[in-house]
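Please keep the viewer open as you read.

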Amino acid sequence: MPPVHSTVMPYEPGLVPTPPPEVAERWGAVDRSAHAPHLVAVPGDGADRAGTALVTARPGTAYLKIVDAVGDVPAVIEAVAAHARERGLVQLKWEGWTVTPEEAAATGFTPLAPPLSQSEGANGPATGYVRWLNDDAVTAPPYYGQTTHFSCGAVTALVAQVHAGVLPREALDRTAELTLWRDATNFMACDPVGLGVALRRARPSYGVTVHLDTDRPVMLDHLPPADQEWRALLQRVSRTEAGRIGVPVDPGHLPLSAVRDAIGRREHVLLLLSLAAMQGFEVPHWVLCHGVVPGAVVIDDPWANGATGDTWVDAHLLPVPDASLDAMSTMAPGDFRGAVTLRTAHE
């Protein structure tokens, strides 16, 4: 393939050639600075540009997202692909604000299934597209955005069941989300043992293993002592219940190599991580690990941060380098790791 001539520059609102009005309005509607917005442009005649794309990505990940491409779109897309390869990335996404399915297909993208729901405040496009840069293939689960700020654990568990073929796609809705959250919650978040116990109760034939390499209560340090005490008691109750109904609690540290191995066995891994790297704030959060490609684990994140221009297109089929995911899921205090692995009867 001949070299692609392009220019890469930071995106600064008001200091770039004006795209069509509706595109300019979208580019400047939110503060995208946390996701390293930049322009990839291909030259035209003289000082003019033949085309430009606005590109962003969550920090600590292995993809680039095209918000819009204008002008000579095929040339711009190849320039973005070359830029991504130079950075060692594995994937491109494209939000479907202005691109047609035919234009996306002509440049090597495949459509993402529309989301079943979008997380609150993250009003993304109705369509989106993905292009793997190294001919990787990952079977996509449905995308479902959590409808509350605290139901990420329940959503990841339900999406895993749909992806595994044990729960119908049409059963993935707000009723199912809140019902499982109610059974798993430690008020308001779901701790690893409580989530594992709720999953076994909901689906007794499911192979559920909790991985938690600390004996202390988790996800409580942001609370006043009085509010920690009764939640810690409930976490101890969950451990007792896990023993009673046969949910193993593995006290060893789950390495990323074991996450990869589990996915290779067609298991699903619900992984607890901090959003500090990807979103800039220290909040524990559950994601679903369901695929692997060379150098990255593919996750689905049920939450998108609309305030930064983050949408379901970012959060779905999201490749995260192993080292980044290892760091994100090393939790404070004490550098513990929490996860729940799920195995269906046919796996």
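Phe187 has a relative accessibility of 38%, so it counts as partly exposed; that class lies between buried, under 20% relative accessible area, and exposed, over 50%, as found with a 1.4 Å probe on protein chains only. Trp230, at 33%, is partly exposed as well.

A word on the ground rules: this is a predicted model, in which local features need pLDDT of at least 70 and side-chain atom pairs count only at pLDDT 80 or more, while totals for chains, interfaces and linings use all residues. Residues are numbered from 1 along each chain as its sequence is written, and side-chain values use heavy atoms, leaving out hydrogens and water.

**Rings and a charge**

The structure holds 6 aromatic pairs. Rings of Phe, Tyr and Trp (its six-membered ring) pair if their centres lie within 6.5 Å; planes under 30 degrees apart are called stacked, those over 60 edge-to-face, and the rest tilted. Two of the pairs are set out here.

| Pair | Centre to centre | Angle between planes | Type |
|---|---|---|---|
| Tyr143 and Trp312 | 6.3 Å | 35 degrees | tilted |
| Phe187 and Trp230 | 5.7 Å | 50 degrees | tilted |

Why does the pair of Tyr143 and Trp312 tie together parts that are 169 residues apart in sequence? Tyr143 lies in the loop between β7 (128–132) and α4 (152–164), whereas Trp312 belongs to helix α10 (residues 312–315), so the pair joins those two places. Helices (H or I, at least four residues) and strands (E, at least two) are DSSP runs, numbered from the N terminus. Both Tyr143 and Trp312 are buried.

The pair of Phe187 and Trp230 also links distant parts of the chain, 43 residues apart. Phe187 sits in the loop between α5 (174–184) and α6 (192–202), and Trp230 in helix α7 (residues 225–245). Met188 is in the loop between α5 and α6.

Elsewhere, the charged end of Lys93 sits over the ring of Tyr63, 5.1 Å from its centre. For this label, NZ of Lys or CZ of Arg must be within 6 Å of the ring centre and within 35 degrees of the ring normal.

**Domains and cores**

The domain assignment, which is automatic or from a database, gives domain 1 (7–132) and domain 2 (151–344). Their centres, taken over C-alpha atoms, are 30 Å apart. The contact between them takes 32 residues from domain 1 and 30 residues from domain 2, where contact means heavy atoms within 4.5 Å.

A nonpolar core is a set of buried Ala, Val, Leu, Ile, Met, Phe, Trp, Tyr and Cys residues joined through side-chain atoms within 4.5 Å. Which members of the largest nonpolar core touch the most other members? Of its 44 residues, they are Ile66, Val80, Trp94, Cys289 and Leu325. Helix α2 (residues 73–86) gives this core its largest share, 7 residues, and each of domain 1 and domain 2 supplies at least three. Apart from it lies another core, of 38 residues, with Tyr144, Leu195, Met331 and Val340 among them.

Leaving out residues up to four places away in sequence, the contacts of Trp94 include Ile66, Val73, Phe109, Tyr129 and Val313.

**Helix α8 and what follows**

In helix α8 (residues 256–264), the buried residues are Leu256, Val259, Ala262 and Ile263. Seen down the helix axis, they fall within an arc of 115 degrees, so they line one face of α8; the arc is that of the directions from the helix axis to the C-beta atoms. These buried residues pack against β10 (268–274), β11 (284–293), β12 (296–300) and α11 (322–328).

After α8 comes Arg266, with a positive phi near 70 degrees. Arg266 lies in the loop between α8 and β10 and is exposed, at 51% relative accessibility.

Asp135 is another residue other than glycine with a positive phi, near 60 degrees. Asp135 is in the loop between β7 and α4 and is exposed, with a relative accessible area of 76%.

A cis peptide bond joins Ala332 and Pro333, with omega about -5 degrees. Pro333 is in the loop between α11 and β14.

Finally, Leu342 lies in strand β14 (residues 338–343) and is buried, at 0% relative accessible area. Leu342 and Ala164 are 178 residues apart in sequence, with 9.4 Å from C-alpha to C-alpha.
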